[in-house]
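Try each task before reading its solution.

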Amino acid sequence: MGIIKRLMGNSVRRHYRARGYQVFRGAFPKDQISAIGDMVHRLIPGYSGELRRQDGRFATNDFFPGTTLVRNAPLHGHVSLGTGLEPLSHALCALVTSPALADRLQALDRASHYTVHQTLLFLAAQSTDFHLDSWSLDTAPRGFSHTVWIPLQDLDFRSGVPSLVPWPHGKVVTEAELGLPDDGGSRDERYHRYHRALYDKLMSASPEVVTPLLRRGDFVVWSSLTPHFTLPSYPFPTERLSLQVLIRPTANRWGDFLSQPYDRTSLQLQKVTERFSIRQPT
Ligand SMILES: O=C(O)CCC(=O)C(=O)O
Ligand SMILES: [Fe+2]
């Protein structure tokens with residue numbers, strides 16, 4: 001590796017460690033991103049079949065009332081979508097297993113192989129509440145899995161974009177530290193209780209947040225423990241083509257915020273390139 005590349009690697013690594021997120025500009029060819037965005041826009045809203053959705057179930061498009069804006073985001077589109085959507089699925093797979101992505105993740109954590117656990121294809125702006133992605137996927141110990149968030153069109157402050165609370169990498173605030181019981185209640189209750197308490201704690205310190213305004217070819221990555229939420233879009237609802245990818249370094253064991261570790265499905269890994277494997281959905 002050349003000296004310039006190594007120095008740049010060191011500076012993004014330091015930034016990621018200190019702040020728990022990193023913006024990469026011009027990482028992917030604009031044409032590649034535009035082509036995917038066009039396909040999504042052209043193929044998904046008019047698709048009448050069932051696709052796997054964010055909740056894991058198969059369902060047809062659910063539109064915001066009176067619009068053609070799809071609100072139930074397709075899940076794992078990089079593995080498969082419906083008949084006729086194969087070119088889109090291949091393009092998503094190529095994007096999330098690209099050397100361009102591996103190079104940039106490697107600049108953050110120096111891992112040599114990554115496993116893609118999940119993709120979510122958002123067609124419309126989300127209204128995601130304050131949360132940590134660790135509750136969906138994390139490594140064991142926590143903090144080393146990444147969320148890669150890739151806009152598939154140019155976005156601005158009205159687009160309903162994710163916003164991040166800068167967060168030291170690997171910093172865990174436990175339920176106990178928030179004064180919460182760590183065994184009472186269902187997972188759902190614990191999720192809501194935890195995030196409410198963490199939110200209150202952060203708000204009491206008047207935090208500054210970071211809202212990257214990304215263009216085609218850029219992406220942002222944040223760590224599993226970095227708190228974030230979605231800003232409102234104007235108008236609402238609005239089209240906002242984007243891809244969320246949950247990725248971990250393959251060498252790390254994995255689980256989620258509560259289950260440390262949990263990795264009982266390692267058998268379902270499929271190596272797709274020298275640097276990426278994909279976890280097959282169950
Ligand atoms: O797409 C968004 O607005 C945020 C979604 C989110 O929380 C995530 O990708 O982890
Ligand atoms: Fe998230």
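The exercises below concern a predicted model, and they go from the overall fold to the ligand.

**Exercise 1. Overall fold**

Find out how the radius of gyration of the protein stands against that of a compact globule of 282 residues.

Solution. Start with the inventory: the protein has five helices and 13 strands. Next, take the extent along the principal axes, where the C-alpha atoms fill a box of roughly 50 × 50 × 40 Å. Now apply the globule rule: for 282 residues it gives a radius of gyration near 19 Å, and the protein has 18 Å, which agrees. Finally, look at the contacts between residues at least 6 apart in sequence: 77% of them join residues at least 24 apart.

**Exercise 2. The nonpolar core**

Work out which residues of the largest nonpolar core touch the most other members, and which strand gives the most to this core.

Solution. The largest nonpolar core has 54 residues, and those touching the most other members are Val40, Leu123, Val148 and Phe219. Strand S4 (residues 114-124) gives the most to this core, with six residues.

**Exercise 3. Strand S10**

Decide whether S10 is largely enclosed or open, and explain why.

Solution. Begin with the background: buried residues make up 38% of the 282 residues in the protein. In S10, 11 of the 11 residues are buried, so the strand is largely enclosed by the rest of the structure. Check each face in turn. One side carries Glu239, Leu241, Leu243, Val245, Ile247 and Pro249, the other Arg240, Ser242, Gln244, Leu246 and Arg248, and all of these are buried. Now turn to the pairing. S4 and S10 run antiparallel and are joined by nine bridges; within this pairing, glutamine 118 has leucine 246 of S10 as its bridge partner. S6 also pairs with S10 in the antiparallel sense, over six bridges, and here histidine 146 stands opposite isoleucine 247.

**Exercise 4. The ligand shell**

List the residues around ligand 1 and sort the shell by class.

Solution. The surrounding residues are Phe122, Gln126, Thr128, Asp133, Thr147, Trp149, Pro162, His228, Thr230, Ser242 and Gln244. Two or more of the shell residues come from each of strand S6 (146-151), strand S9 (228-230) and strand S10 (239-249). By class, the shell holds three nonpolar, seven polar and one charged residues.

Technical notes:
Residues are numbered from 1 along each chain as its sequence is written. Chains are lettered from A and ligands numbered from 1 in the order in which they are written. This is a predicted model: local features need pLDDT of at least 70, side-chain atom pairs count only at pLDDT 80 or more; totals for chains, interfaces and linings use all residues. A residue is near a molecule or strand if its C-beta atom, placed from the backbone, lies within 6 Å of it. Helices (H or I, at least four residues) and strands (E, at least two) are DSSP runs, numbered from the N terminus. Ala, Val, Leu, Ile, Met, Phe, Trp, Tyr, Cys and Pro count as nonpolar, Asp, Glu, Lys and Arg as charged, and the others, Gly among them, as polar. The radius of gyration is taken over C-alpha atoms; the globule rule is 2.2 Å times the number of residues to the power 0.38. A residue is buried if 20 or more other C-beta atoms lie within 10 Å of its own, exposed if 12 or fewer, and partly exposed in between; C-beta atoms are placed from the backbone. Two residues are in contact if their C-beta atoms, placed from the backbone, lie within 7 Å. A nonpolar core is a set of buried Ala, Val, Leu, Ile, Met, Phe, Trp, Tyr and Cys residues joined through C-beta atoms within 7 Å. Two strands pair if DSSP finds at least two bridges between them.
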